[in-house]
Amino acid sequence: MCGIFGVVLKTGRVAPVIHQALERLEYRGYDSVGLATVSEKGLEVRKDRGSIRDVDLKHRLDDMAGRIGVGHTRWATHGAPSMENAHPHVSCKGDVAVVHNGIIENFLELRKQLEERKHVFRSRTDTEVIPHLIEEYVSAGEDFVESVRLAARQLEGSFAIAAVSTSRPDLIVCVKKESPLVIGLSDSSSYCASDVSAFLPLTRKAIAMEEDDLAVLETGQTRIINFRTGQELERNVSDITWSIEDATKGGYGHFMLKEINEQPLAIRNVLRIQPVYCGLMASKLEKARQVCLLGCGTSYHACLAASYLFTKLAGLQVQPVIASEFVEQYGHLIDKDSIILAVSQSGETADTLESVRFAKSKGASIMGITNVMGSTITRLSEVYIGQNSGPEVGVAATKTFTSQVSVLARLALVLAEKRNTLPIEELTKLKSSLLQIPKAMESALLTEPRVKELARKYRDRSSFCFLGRGINFTTALEARLKLLELSYLPSLAYPAGESKHGFIAVVDQDYPIVFVAPKDETYHKIVGNVMEMKARNASTIGVIDAGDERLKELLDDYIEIPTPVTSLLTPLVYVIPLQLFAYWMAVERGCDPDRPRNLAKSVTVL
Ligand code: AGP
């Protein structure tokens, strides 16, 4: 998730306008920045790794000439943060520049074709195929607008693109497919941006671009066509009433709620990760004598979920370990035949890094799964996978948890295929179930009104306990972590079977117990647990499959998951109403869901 911006001014220089707009988009990505402007002098590009402030200090962005230009603030997915990988990317002749937000899934094969046609690539990004593709059509005699349209038709994946060219120093062409893109209009200028916050101080007149729209921006006017068919289109201009802060939150009350709602897109981006990376990681994992999955907090919960996926799907025993205990617990067993798979959204968590460095010193192989390209975890790893969730502003991890578990589920399926541990039909079924997860998440998000109701009903309780069985013990742990870090309510989580060996002593009148209870192989046992707790007058709340009449009858309250999914993938969907429960409980109790007390987004101290 990056921020893109483009502007055509009647008069004046665009660079300061782009600079300020990128500052308003910086929450979308902040590892590198760049601008391209077109003037009588031709195309000028200034870009580098770092925050807007640092890059401006070094490259004096406002000095760039021209009344037409585009800008980009980056959240790396392909190619670590560097000057070469920063946007804009340009064609071989340097006459076309492109900024892009999204993931080009077929970039490897397009790049190969273009390199065979003698195009020279300067970066490791997926985006750079776009200016070279446009250049191909321009060299074949097409005009710039048509070249962008034809190039866009070749792209697969998600993309919001803005392109400029010296051949048309009077316009910008932008294209939308899945990634957000809005147009801003005023008498003297036209804008395109990843969200309205970028141009709100300049105009409140906006056009929301729709799927497959291509817009040609000229001073104060815009033409929109469908880039697949070339058909001319009409789009409504609406007046934006939001404040800039609202706009950066996409109209949601907090970043956390926005990020909970971004999970379907985040998982679509996990499904776009090039198979070669999962293949590389799997081939190393399956040869290892010992595999430890390391993480802290939510990332440890993803590791624990992975231990169920790896053993049940690929027959591979792995050890999920809380990173701060790794050295004490396993340090003496680590050697050159050990593999450490470190999971960390920030890639900078001190406890995880300390354990990784320790294992490395013992000769172990290090691999990583992270959300931040260029982070320390990526530099310590022989192989790493960027999970593509986009920046997570809320301190509480939400979309990064489901992204991590989805990456690990993909890995477990690749391992199962390599180790031949599943019948092909089952493997195929599981692969297609994973592809259905974004849709199932979209329907799980519809439980919000019900969840909000329950948060209000239970807001005065002083503690909660979450129970789950099998892989949904990890869902219970994650639900507990979200509730206590956001509402400061001391809460518990147990494997439901374990609850009889101690916790049950705590249970009395109206003690709220939340059951994660999909109709999977553990269903009958968890029904028994519900009855045990009801017998002690607990308040029983369940996250259940839609239409589960048995539990609807037994439970005091329930949240129905509209689209059930295959059992090993249930944490990805069942965690959503529980994230929402923690969010609304925090709001009900007057806590700030985005900035919980005493916590930092990345814990960089031991
Ligand atoms: C989760 O909501 C918390 N923010 C925290 O537990 C977090 O998961 C933990 O600090 C690990 O962070 P990492 O994934 O960046 O390493």
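## Ser406 in helix 14

The side chain of Ser406 comes within reach of the backbone oxygen of Thr402, at 2.7 Å. This is a value from a predicted model. Ser406 is part of helix 14, which covers residues 399-419.

Is Ser406 buried or exposed? Ser406 has 0% relative accessibility, and buried means under 20%, so this residue counts as buried. When neighbours within four places in sequence are set aside, the contacts of Ser406 are with Ile267, Val270, Leu434 and Leu572.

Strand 4 spans residues 68-74 and is mostly covered, with seven of its seven residues buried. In a regular strand, side chains alternate between the two faces of the sheet. On one side of strand 4 are Ile68, Val70, His72 and Arg74, and on the other are Gly69, Gly71 and Thr73; all of these are buried, and both faces are covered.

Which strands pair with strand 4? Strand 1 (residues 3-9) pairs with strand 4 in the antiparallel sense, over six bridges. Strand 2 (residues 32-39) also runs antiparallel to strand 4, and seven bridges join the two. Thr73 of strand 4 takes part in both pairings: Gly3 stands opposite Thr73, and Thr73 is the bridge partner of Val33.

Another part of the model is an open sheet of seven strands, in the order 5-6-7-8-12-13-14, with antiparallel pairing. At the edges are strand 5 (89-90) and strand 14 (232-233), each of which pairs on one side only.

Within this sheet, strand 6 (residues 96-104) and strand 7 (residues 157-165) are antiparallel and share nine bridges. Val96 is placed opposite Ser165 of strand 7. Helix 4, made up of residues 129-139, lies across strand 5, strand 6 and strand 7, and runs at about 130° to strand 6.

## Cysteines

How many disulfides does a search of the whole structure find? The search finds zero. Cys292 is in no disulfide, and the nearest cysteine sulfur to it belongs to Cys303, 10 Å away. A disulfide needs the two sulfur atoms within 2.5 Å.

Cys292 has 1% relative accessibility and therefore counts as buried. Cys465, at 0% relative accessibility, counts as buried as well.

Definitions and conventions
Residues numbered from 1 in each chain as written. Predicted model: local features only at pLDDT ≥ 70, side-chain atom pairs only at ≥ 80, totals over all residues. Heavy atoms only, no water. Buried < 20%, exposed > 50% of the residue type's maximum accessible area, 1.4 Å probe, protein only. Helix = DSSP H or I, 4+ residues; strand = E, 2+ residues; numbered from the N terminus. Pairing = 2+ DSSP bridges. Contact = heavy atoms within 4.5 Å. Axes fitted to C-alpha atoms, helices over the stretch in contact; angles between N-to-C directions. Polar contact = N/O pair within 3.5 Å; in protein donor to acceptor, adjacent residues only side chain to side chain.
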